[in-house]
Amino acid sequence: MGRMFPKFLTLLLAVLFVAACGQSESEKRRQSSKRRMQLLREDSAALKIAVMPTIDCLPLFVARECHLFDSLGADIRLKMFTAQMDCDTALVGGSVEGCMTDLVRAERMIEKGTPLLYVTSTNAYWQLYSNRMARIRKLNQLDDKMLAMTRYSATDLLADVVIDSAKLKSERLFRIQVNDVHIRLHMLQNNEIDAVLLSEPQATVARLQHHQLLLDSRSLPVQLGVMAFRENAIKDTVRHRQLEVLKNAYNLACDSLKRYGVGRYRDCIVKYCKINASQADSLPRDIQFSRISAPSPSEIERARKWLKQ
């Protein structure tokens with residue numbers, strides 16, 4: 001009997017240990033579930049903006065990295081996507097309240113039944129590069145070639161500009177839909193496409209790799225970049241206040257970029273745009289960022305007319 005007691009005690013301790021572990025794991029799961037619910041509530045209450053790894057979003061990246069949103073007293077979160085179509089889907093679906101987009105895509109969303117408020121135009125621009133291996137030096141040499149772009153977007157409109165300028169037949173320029181900006185650049189780098197329309201900083205990467213620049217949208221009378229919000233998502237007092245904080249932070253970031261230039265924020269560009277430091281240092285130094293300013297009625301009308309064609 002005396003010899004059995006230590007065995008019984010050992011067994012009892014083992015049972016208690018297993019029970020304690022079970023309770024601990026159960027408690028951990030409960031706490032984890034509670035934490036997830038808290039994070040979901042906080043995310044729901046925050047003002048969320050869909051952004052891309054492109055330079056037109058830099059004022060928002062700077063505002064975030066410099067903690068301007070926090071210091072001005074609002075929970076504003078950036079949701080990163082690599083395809084404009086995914087940004088717009090998030091906006092229409094309600095997982096974000098606003099997004100960085102272009103007027104063509106925005107007007108199409110409105111046309112499809114999602115009322116939008118334009119908060120500001122942006123400095124977004126696009127450059128058309130031909131593959132260096134294709135030996136395309138002029139726009140008219142794009143006849144019977146493949147161009148990577150996104151349908152119903154600024155790049156689609158610019159493809160029409162190319163066709164008109166080069167006097168090509170529309171069906172002779174093959175528009176290949178490649179929504180992800182990284183994939184579009186990789187296709188150019190891997191000689192899988194004849195030409196691509198790129199925004200910054202992907203355009204600078206193409207230039208550094210000696211691909212041929214054929215068209216710069218800054219040479220055209222168009223300004224299509226825009227930040228848009230769903231109208232029904234910003235009607236209440238809390239959302240209105242968050243939007244005002246966003247505007248103030250955006251303006252402060254633009255002021256800083258104007259004062260110090262994009263070079264001051266190289267690390268920020270590397271982090272959000274997924275390029276290396278050398279590529280970030282090679283960005284054009286004349287990139288300008290304007291304070292909050294609504295897009296012009298003529299630009300909005302241009303996008304509407306193009307969509308109706």
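Which residues in H2 meet which residues in H10? I opened the predicted model with that in mind.

**Entry 1: H2 against H10**

I listed the contacts. From H2 come Leu 58, Phe 61, Val 62, Arg 64 and Glu 65. From H10 come Cys 268, Ile 269, Lys 271, Tyr 272 and Cys 273. I sorted them by class: seven are nonpolar, three are charged and none is polar.

Then I checked the geometry. The axes of H2 and H10 come within 10 Å and cross at roughly 110 degrees. H2 is therefore roughly perpendicular to H10, as angles of 65 to 115 degrees count as such.

**Entry 2: H10 by itself**

I asked which residues of H10 are buried. Helix H10 spans residues 266–273, and its buried residues are Cys 268, Ile 269, Tyr 272 and Cys 273. Viewed down the axis of H10, they fall within an arc of 100 degrees, so they line one face of the helix.

What do they pack against? I found helix H2 (58–65), strand E2 (76–80), helix H7 (181–189), helix H8 (202–208) and helix H11 (277–281).

I also looked at the residue just after H10. Lys 274 has a positive phi of about 60 degrees there.

**Entry 3: H2 against H9**

I turned to the contact of H2 with helix H9, residues 237–260. Their axes come within 8 Å and cross at roughly 100 degrees. H2 and H9 are therefore roughly perpendicular to each other.

In this contact H2 supplies Leu 58, Pro 59, Leu 60, Val 62 and Ala 63. H9 supplies Leu 246, Ala 249, Tyr 250, Ala 253, Cys 254 and Leu 257. By class I get eleven nonpolar residues, no polar and no charged ones.

I note that Leu 58 and Val 62 of H2 meet H9. Leu 58 and Val 62 also meet H10.

**Entry 4: the five-stranded sheet**

I traced the strand order next. Five strands form an open sheet, E7-E6-E8-E5-E9, with mixed pairing. Strand E7 (173–177) and strand E9 (212–216) are the edges, each pairing on one side only. The twist averages 30 degrees from one strand to the next.

I followed one pair. Strand E5 (residues 126–130) and E9 run antiparallel, joined by four bridges. In this pair Leu 128 stands opposite Leu 215 in E9.

Which helix packs on the sheet? I found H6, residues 154–166. H6 touches E5, strand E6 (145–149), E7, strand E8 (195–199) and E9. The direction of H6 makes about 170 degrees with that of E7.

How values were computed
Residues are numbered from 1 along each chain as its sequence is written. This is a predicted model: local features need pLDDT of at least 70, side-chain atom pairs count only at pLDDT 80 or more; totals for chains, interfaces and linings use all residues. Side-chain values use heavy atoms; hydrogens and water are left out. Buried means under 20% relative accessible area, exposed over 50%, partly exposed in between (1.4 Å probe, protein chains only). Helices (H or I, at least four residues) and strands (E, at least two) are DSSP runs, numbered from the N terminus. The arc is that of the directions from the helix axis to the C-beta atoms. Contact means heavy atoms within 4.5 Å. Axes are lines fitted to C-alpha atoms, for helices over the stretch in contact, and angles run from 0 to 180 degrees between N-to-C directions. Angles under 35 degrees count as roughly parallel, over 145 as roughly antiparallel, 65 to 115 as roughly perpendicular and the rest as oblique. Ala, Val, Leu, Ile, Met, Phe, Trp, Tyr, Cys and Pro count as nonpolar, Asp, Glu, Lys and Arg as charged, and the others, Gly among them, as polar. Two strands pair if DSSP finds at least two bridges between them.
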